[in-house]
2 protein chains.
Amino acid sequence: MKKKILILGGFGFIGTNLTEELLKRGNYEIIIFEAKNVIIQNPDLLNDVKVYYGDFHNEKEYEIIFKENQIDIVIHLISTTVPSMSNENIIYDIDSNLVNTIKLLNIMKQYQTKNIVFPSSGGTVYGILKKEHKESDPTTPICSYGIMKLTTEKYLYLYNYIYGINFLILRPSNPFGKYHKSPRQGLINVILEKILNKETIEIWGDGSVVRDYIYIKDFVRIIVDLIEKNIQNEIINIGSGRGYSINEILTIIREEIGDFPLKYVEARKVDVPYLILNIDKLRTFLDINLMGIEEGIKKTYNWLKERNINRCF
Amino acid sequence: MKKKILILGGFGFIGTNLTEELLKRGNYEIIIFEAKNVIIQNPDLLNDVKVYYGDFHNEKEYEIIFKENQIDIVIHLISTTVPSMSNENIIYDIDSNLVNTIKLLNIMKQYQTKNIVFPSSGGTVYGILKKEHKESDPTTPICSYGIMKLTTEKYLYLYNYIYGINFLILRPSNPFGKYHKSPRQGLINVILEKILNKETIEIWGDGSVVRDYIYIKDFVRIIVDLIEKNIQNEIINIGSGRGYSINEILTIIREEIGDFPLKYVEARKVDVPYLILNIDKLRTFLDINLMGIEEGIKKTYNWLKERNINRCF
């Protein structure tokens, strides 16, 4: 029998790619919970998934899914804030992310759904203490977004300890690629889109900020591989294990795509200067073979170009 | 000029002892914020401190203190939950402890109060992974109370990073002694009170649970010493560095005070089996010379006896 997976936020950036990957594998019945006004980037998915529309802030609107379906796994992709803005309204961050996730866990408990996959944040939970981060490193976030991800990790551990709900916590680096849509985060996608729109690219700081990037198709493949290997109750970094400064990314884009106008502006305090994820733990579970960043950037650019053409006609 | 210290929850167990200690030193002007229905155990304090009564759940009720006084240091002793009950209503724990503390921090930011002392919880933040805990150890609480203490620590770090509010985070073990009043936590006091009331003592589990105890007068002296040494932006375990099983405590009480009726009942899942705090870090700041547990128990018992006599007449 196919496993029933409920994806909260299944039509977002990660959600759309993950849904495609899960459907490709053929072992899953996918149910998606999404906001009523979501933009569905791949409408073909509507043929293969069951969709419930509603508001994550009102648990009654998704409780019905648990009533009507015996859900095996919840993949919780909803986040109401982004790192760069999260310090501006911390109480909203707590209410909308943490409290709502506790409500979700209570509903899972009630309907005896025993598995949850939760992307935390490799980019924000560690803070600025070190350059390369292992899962066991100290965690001192410099944004509320990271604190809320970390706190949710702790509650997942607690719900496992008390109620036996199994978790798989992923700490991704910076995914980029197809179906990315937020203009507020995701350096590579934002830059490529600005190039296509012939806008000037603004870089916060001097471009020395180092990040670890992962192509979205690799990221979702790894998630599904971990689920299929039945990896449970682990916290796992998912990244490339390699760092690129913004200036290095700009050079790669220039080489692959061509030149573009650029402006450096004042650095943001919310950005940690250096972040590379140590992926040794991930390698103990899976063979990791990732797409090169040049190829990922080209693929992303081609997808953006095609999307823009489709939008025009 | 005397420093102005605002103690939130200043008439509680820790608060009353801490207020006495601060007044003894003579360098401080003490302002206490407390609930309207608080039981004041040492009414003499009312001659030496300024008191504002109100509800911590409504920040307007203490904002006036910041308006009317230039507060130098906030000591935040209010906790709306106890470890053993906190898993039963996690959303209340989040709202009443975490959200309210963020409101406090926002008011401190607004009125430019730059120092906060916060007792976290050495007994719950670490979880069950190890026997003796250092401040740098991993933290996986098995109760919501511990998660909220830990999350508040992270936000204190964040408010220091963004707004320069200095924190002193204490992770106490199990303080016991004079002015303790909660029947829901604090093994030694609860047992001694039951002995005085000739009630049967119920022990959860087989009595093997090990804890690290500190006499309250030692605890508050250490807090004030750390404040006077201007130790800032540190997380510090405060305990005895020694462990006693419940059965060992019972033996000590029997030797010091006499025999009593006893019953063992089912263990609670919320209790970690073993907790001793490593206090090497504390020793780098202060010379530590603690009261022996036998003497602390005797003193506590004598205080309880005297209090009961005063209550009867």
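**Two chains and the contact between them**

Modeller: Chain A and chain B bury about 2,700 Å² between them, with 71% of that on carbon and sulfur atoms. Buried area is the accessible area (1.4 Å probe) that two parts lose on being put together, summed over both. This is a predicted model: local features need pLDDT of at least 70, side-chain atom pairs count only at pLDDT 80 or more, and totals for chains, interfaces and linings use all residues. Residues are numbered from 1 along each chain as its sequence is written, chains are lettered from A and ligands numbered from 1 in the order in which they are written, and side-chain values use heavy atoms, without hydrogens and water.

Biologist: What makes a residue part of the contact, and how many does each chain give?

Modeller: Contact means heavy atoms within 4.5 Å. Chain A gives 31 residues and chain B gives 31 residues.

Biologist: Why is the pair of A:Lys263 and A:Glu202 called a salt bridge?

Modeller: Their closest N and O atoms are 3.3 Å apart. The limit is 4 Å, so the pair qualifies. A:Lys263 lies in strand 14 (residues 262-265) of chain A and A:Glu202 in strand 9 (residues 201-204) of chain A, so the pair ties together parts 61 residues apart in sequence. Strands are DSSP runs (E, at least two residues), and helices are runs of H or I (at least four), both numbered from the N terminus.

Biologist: How do you know that the two copies are related as by a two-fold rotation axis?

Modeller: Chain A can be laid on chain B with an RMSD of 0.0 Å by a turn of 180 degrees and a shift of 0.0 Å along the axis. The two copies are thus related as by a two-fold axis. The superposition is by least squares on C-alpha atoms of residues with pLDDT of at least 70 in both. A:Thr151 comes closest to the axis of the residues of chain A, at 3.2 Å (C-alpha).

Biologist: Why is the pair of A:Phe176 and A:Tyr213 called edge-to-face?

Modeller: Rings of Phe, Tyr and Trp (its six-membered ring) pair if their centres lie within 6.5 Å; planes under 30 degrees apart count as stacked, over 60 as edge-to-face and the rest as tilted. Here the centres are 6.5 Å apart and the planes 80 degrees apart, so the pair is edge-to-face.

Key: A salt bridge is a side-chain nitrogen of Lys or Arg within 4 Å of a carboxyl oxygen of Asp or Glu.
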